[in-house]
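Subject: Structure handover

Dear colleague,

Here is the structure for your files. My notes on it follow below.

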Amino acid sequence: MSFLNRFFATKGRKPSKPLVATGILTIGLVLLLLCIASSILYGASDIQLATIWQSLAHYDPQQTSHQIIRNLRIPRGLAAALIGAALAVSGSIMQGMTRNPLASPSIMGVTAGATFMMAIAFALMPEASNVTIMIWAFLGAGIGAGIVFGVGSISKTGLTPVKLALAGTAVTALLSSVSSAIAIHFNIAKDLSFWYAGGVASVQWVHVQLLAPIVVIGLIIGLALSSSITVLNLGEDLARGLGQKTLLIKIVGTLVVLLLTGAAISVAGTIGFIGLVIPHITRFLVGTDYRWIIPCSAILGAILLVTADTVSRMVNPPFETPVGTITALVGVPFFLYLARREGRTKS
């Protein structure tokens with residue numbers, strides 16, 4: 001038994017479950033591939049499974065179905081998987097570092113800050129490239145998170161989970177309102193509406209090429225920090241006593257969150273609650289060791305968003321329901337349950 005498992009056993013915390021985690025990683029990866037295949041099959045145009053194979057093995061640019069598969073649905077499925085993984089891992093790292101079960105990119109002002117800066121970018125630079133939009137999204141994510149943590153810390157009792165959630169809600173509402181005002185004033189509401197709704201309908205290969213290396217780098221750094229986040233989640237004083245450089249861990253972890261969330265939002269807009277729900281489900285399944293939580297969260301987050309994107313096309317065909325609506329249907333009741341449970345714990 002490892003040191004962390006022995007420590008959890010003595011403290012009454014749930015030890016890691018490597019067999020369950022290994023099963024999630026292996027079976028989950030197969031399930032993810034099946035979900036991506038389903039997302040390629042289903043949509044406004046009916047496509048047969050044999051057609052998918054033909055488009056991959058013997059691509060014919062003259063056939064519309066081959067163009068749809070190669071240029072629209074495959075990049076869409078891959079982007080949904082990458083974005084779901086990025087948001088889930090961001091939420092896991094935030095909850096681990098802050099010891100706050102309500103922490104997630106959508107609640108902590110990260111997504112609202114990114115959208116706010118993207119509104120400014122659209123207003124000042126109408127012809128901005130995808131890379132420029134992504135940079136502005138990174139900057140906005142940092143601004144939003146900084147404001148939330150700054151506002152939540154202004155009290156004698158310090159930064160508590162409830163204060164952090166309240167500050168995040170207030171800052172999110174403020175930045176969203178300002179973004180709407182900018183969109184109306186500069187007549188860019190139509191351009192910004194996609195990011196408010198959230199989705200991967202217009203994703204192309206160029207977005208996947210920009211997104212993939214950032215997400216992979218963020219996941220690698222997150223895995224490198226996983227042991228330190230596990231110790232930090234036990235308490236900051238204990239982490240310092242065990243020789244952890246807590247400030248450095250928080251800085252690097254925050255940069256990873258901003259990197260992953262900024263990249264995801266710049267491509268798909270504000271897709272909420274994946275970073276809130278998936279970490280809790282993962283901890284319930286595999287325990288509290290972040291060496292397992294982070295990779296398993298990536299797989300489960302990818303499965304959730306790919307599935308939600310497929311469902312969004314089937315709710316009201318041939319029209320598409322915003323994928324953020326589908327994730328909200330899962331996330332809002334879960335958030336209310338967590339808030340209620342947290343309130344009981346504090347009382």
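L139, I143, I147 and V151 form a nonpolar surface patch with about 310 Å² of accessible area together (Shrake-Rupley method, 1.4 Å probe, with only the protein chains shown counting as cover for residues; patches take residues with over 30% relative accessible area and no salt bridge, joining like charges within 9 Å and nonpolar side chains, Val, Leu, Ile, Met, Phe, Trp or Tyr, within 5 Å). I143 sits in helix α6, residues 130-153 (helices are DSSP runs of H or I, at least four residues, numbered from the N terminus), and is partly exposed at 34% relative accessibility (buried is under 20%, exposed over 50%, partly exposed in between). V148, also found in helix α6, is buried at 0%.

The model is predicted: local features need pLDDT of at least 70, side-chain atom pairs count only at pLDDT 80 or more, and totals for chains, interfaces and linings use all residues. Residues are numbered from 1 along each chain as its sequence is written, and side-chain values use heavy atoms, without hydrogens and water.

The whole structure holds four salt bridges (a side-chain nitrogen of Lys or Arg within 4 Å of a carboxyl oxygen of Asp or Glu). One of them pairs D309 with R76 at 2.8 Å, N to O. D309 lies in helix α13 (residues 290-314) and R76 in helix α4, so this pair ties together parts 233 residues apart in sequence. D309 is buried at 2%, and R76 is buried at 8%. R76 also meets E320, at 2.7 Å, N to O; E320 is partly exposed at 40%.

Regards

Methods:
Helix = DSSP H or I, 4+ residues; strand = E, 2+ residues; numbered from the N terminus. Buried < 20%, exposed > 50% of the residue type's maximum accessible area, 1.4 Å probe, protein only.
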